[in-house]
Amino acid sequence: MDKNNERECNEDLIRERRKCNFNIEELTNIVDGGKARTARRREIQRLLINDPEFLDEIPQDYMSHEDRYSNELRKSAHLMQKLADQESGHDIHQDIGALTGILKDGNPLMVHLSMFIPAILGQANSEQQEKWLGRSLRNEIIGTYAQTELGHGTFVRGLETRATYDPTVEEFVLHTPTITATKWWPGGLGKTCNYCVVMAQLYTQGRCYGPHPFIVQLRDEETHRSLPGITLGEIGPRLGLNSNDNGFLKFENHRIPRTNMLMKHSQVLKDGTYVKPLHNKLSYGTMMLVRVGIVGACSRSLQYAVTIATRYSAVRHQSEIVPGQPEPQILDYQTQQYKVIPQIASVFALIFSARSLSKIQSSVTAKLKDGNTDLLPELHSLSSGLKALSSSDASWGVEVCRLACGGHGYLASSNLPRTYTGTTCAITYEGENTVLLLQVARYLIKSYRSIGKETGASSVSYLADQTSLASSSSSFSNKALVQAFKLSALSLVAEAEARLQKLCDMGQEFYHAWNYCSVLLLKCAEAHTRYYICEKYEQTVDSLKASEGVKNVLQSLCRLYLIYHITLTHGDFLKCGALTPRNIAVLEGEMCDLLAVLRPQAVSIVDAFDIPDELLGSTLGCWDGNVYQRLYDEALKSPLNKTDVPDAYYKYLLPLMKSSL
Ligand SMILES: CC/C=C\C/C=C\C/C=C\C/C=C\C/C=C\C/C=C\CCCCC(=O)SCCNC(=O)CCNC(=O)[C@H](O)C(C)(C)COP(=O)(O)OP(=O)(O)OC[C@H]1O[C@@H](n2cnc3c(N)ncnc32)[C@H](O)[C@@H]1OP(=O)(O)O
Ligand SMILES: Cc1cc2nc3c(=O)[nH]c(=O)nc-3n(C[C@H](O)[C@H](O)[C@H](O)COP(=O)(O)OP(=O)(O)OC[C@H]3O[C@@H](n4cnc5c(N)ncnc54)[C@H](O)[C@@H]3O)c2cc1C
């Protein structure tokens with residue numbers, strides 16, 4: 001599609017684009033993280049879009065379960081080959097966003113890339129990396145991350161799979177003692193992988209040392225047949241991601257060499273002596289890494305959904321605002337703006353907090369190399385909180401975008417249903433959100449109780465700022481609003497701690513008191529993480545060196561985001577005195593003004609996300625706005641339309657209709 005050729009474009013969209021009052025390319029660079037990144041992303045996307053191998057012969061929704069898997073594996077393999085062939089080399093971690101949309105419904109190699117390789121990088125010592133990293137990067141072996149079991153996903157300490165060390169032959173014996181110990185869920189495990197990282201309870205010298213990672217060959221490298229002592233299969237259809245082969249795995253006293261335990265952090269020596277790690281949660285490192293990645297992935301899903309909903313809202317006309325006048329664009333309804341525009345604002349919130357989290361992760365990783373684990377708990381808390389809020393915000397945002405598109409949003413060809421199922425899974429995987437938020441709460445209560453002790457953790461230093469509890473502000477600058485978020489979080493933490501303490505003083509055990517307060521604790525964790533997001537948003541926009549137009553748009557979006565979230569949880573702001581009922585009413589009024597200010601820029605802002613039609617894959621969101629023709633053309637692809645009268649008519653309907661004659 002030639003974006004300069006207005007003649008092919010829907011007139012509403014042409015008008016919308018003419019209203020643009022900022023430099024779109026500049027905003028695109030901010031979204032990508034710099035000009036060079038934009039160029040790199042475009043180069044990769046061009047490479048993919050122009051390659052006919054990525055086309056589906058028929059839409060995936062009409063394929064059988066086997067064909068969906070096979071078709072997606074074909075494209076995934078081609079993608080890996082293509083990226084590996086590039087002369088310039090590649091950094092998948094940086095480029096992973098550029099791949100969004102090319103593989104449509106969960107691809108069988110995703111966990112190889114996003115967890116198996118990172119597990120080798122983060123958990124294997126240098127000799128082990130020498131043995132397996134190169135081979136996995138060259139795709140000579142394909143792996144997954146097998147942790148979850150039928151009986152236990154959340155509670156990693158409760159895993160049942162055993163790895164028992166036998167010093168006589170220097171081997172571990174992997175065993176699945178019960179049905180509930182069956183590994184269940186790992187992506188690509190069913191049919192694709194020939195290796196995997198297994199999390200199993202380590203037993204040596206008669207003691208259990210908890211879950212540790214082991215690399216295990218599952219299938220013969222020549223025949224791809226599963227090895228003796230190993231039972232493998234696929235777990236069946238899911239809500240979404242159905243082109244992946246999420247699998248199950250059982251071990252029957254399967255032996256692996258001692259050196260297959262990933263030994264970067266802890267070791268089992270030849271005689272069976274256990275050498276403990278610097279920090280006993282270092283074996284959870286792969287999960288933490290992926291949680292950081294999920295924040296960025298969620299922002300991309302929301303970019304897709306909101307691009308579709310915004311363009312469609314500009315093209316779609318319905319009902320009337322002024323009686324008797326032509327039907328307006330649905331984007332002119334304030335309620336429609338309230339659905340769509342806060343989701344645009346949310347995209348930037350997620351982008352900026354993902355970047356901030358990544359920076360913290362890099363510095364913690366650098367410190368870890370020097371043996372310093374001091375900031376690991378803070379990173380665990382931040383990555384857990386941001387993974388939870390980004391996945392729930394994005395899932396809700398995608399669903400709102402689907403609802404904003406009315407009936408057509410329910411069609412597979414809008415690409416909103418698949419975007420939703422591909423996002424909501426992140427609420428569950430990599431740590432179920434409630435559970436992760438309770439980890440954040442645990443860290444908050446602990447930090448609150450150790451006020452005065454220097455921990456170096458900056459994200460919770462505000463908990464010591466007791467004076468702010470009494471100081472509600474009368475100013476409404478963005479900074480002042482961020483202060484209100486801080487006050488709300490601090491006051492919730494103080495309330496939860498007091499409630500916990502009171503229950504303990506009344507004789508309850510701490511863990512019962514904890515469970516009894518956990519709804520409030522969840523709120524603390526959400527408020528704390530929201531405060532973090534708001535603070536990063538405000539600081540990033542405030543310090544941004546950008547043209548006036550771009551800065552204005554981002555200031556308005558940031559302000560909208562702050563006010564939107566205040567209004568959603570206004571009770572917490574009132575309860576702690578950060579804001580008065582009158583303040584809330586004023587802010588609600590301002591939110592409507594902001595919607596009106598941003599309304600004319602909405603199409604141009606989503607244009608700045610720069611998602612090519614081929615990747616957006618949506619009849620409703622295409623660049624040219626030619627929505628109705630596309631919907632019609634897609635409908636014609638239904639196999640039911642191959643014949644005027646389907647066979648099923650003769651088999652079932654005709655006999656029914658004639659039965660009473
Ligand atoms: C070429 C390629 C190269 C590179 C590619 C690089 C990167 C790719 C990166 C990203 C990919 C990008 C995007 C990803 C997008 C999509 C992802 C695709 C696929 C994902 C598929 C999903 C896979 C999975 O789901 S895997 C399974 C995940 N499972 C879980 O997450 C389980 C959740 N449960 C837990 O984590 C733990 O059980 C628990 C944390 C909840 C509790 O643990 P435990 O019981 O052991 O602890 P507690 O008793 O509660 O607490 C004790 C103390 O320990 C502290 N703690 C806990 N965890 C940690 C940690 N990780 N670090 C530090 N500290 C930790 C806790 O705070 C307690 O401390 P205290 O002081 O005692 O209070
Ligand atoms: C699409 C998809 C892909 C996946 N890929 C992989 C993979 O590649 N590898 C892998 O190992 N796993 C994978 N998983 C598994 C995933 O990591 C787990 O499903 C997830 O960690 C949640 O665990 P669970 O299913 O045991 O849920 P449960 O823990 O049983 O959760 C059920 C309910 O119990 C609640 N609950 C549990 N514990 C607590 C608690 N302590 N406090 C309060 N409430 C609690 C939860 O909040 C939830 O409401 C995948 C899952 C999905 C859906």
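1. Strands β7 and β8 (residues 247-251) run antiparallel and are joined by five bridges. One of these pairings can be located by residue: G233 has F248 in β8 as its bridge partner. Helices (H or I, at least four residues) and strands (E, at least two) are DSSP runs, numbered from the N terminus. Two strands count as paired if DSSP finds at least two bridges between them.

2. The model is predicted: local features need pLDDT of at least 70, side-chain atom pairs count only at pLDDT 80 or more, and totals for chains, interfaces and linings use all residues. Residues are numbered from 1 along each chain as its sequence is written, while chains are lettered from A and ligands numbered from 1 in the order in which they are written.

3. β7 and β8 belong to an open sheet of three strands, in the order β4-β8-β7, with antiparallel pairing. Its edge strands, β4 (183-184) and β7 (230-234), each pair on one side only.

4. The protein is divided into domain 1 (7-110), domain 2 (114-277) and domain 3 (286-454 + 475-606); these bounds come from an automatic or database domain assignment. The C-alpha centres of domains 1 and 2 are 32 Å apart. Their contact takes 14 residues from domain 1 and 13 residues from domain 2, where contact means C-beta atoms, placed from the backbone, within 7 Å. On the domain 1 side, helix α4 (residues 65-85) gives the most, with six residues.

5. Around ligand 1 there are 39 residues, of which Y284, G293, H380, Y429 and G431 come nearest. A residue is near a molecule if its C-beta atom, placed from the backbone, lies within 6 Å of it. Elements giving two or more residues to this shell include α8 (285-315) and α10 (376-404). The shell holds 24 nonpolar, 10 polar and five charged residues. Here Ala, Val, Leu, Ile, Met, Phe, Trp, Tyr, Cys and Pro count as nonpolar, Asp, Glu, Lys and Arg as charged, and the others, Gly among them, as polar.

6. Ligand 2 has 23 residues around it, with Q147, T148, G153, T154 and T434 coming nearest. Its shell divides into 10 nonpolar, 11 polar and two charged residues. Domain 2 and domain 3 each supply at least three residues to the shell around ligand 2.

7. An unreviewed UniProt entry annotates residues 479-658 as "domain: Acyl-CoA oxidase C-terminal"; such annotations may be inferred rather than shown by experiment. In the model, this span is 77% helix and 0% strand, and its end C-alpha atoms lie 74 Å apart.

Methods. Contact = placed C-beta atoms within 7 Å.
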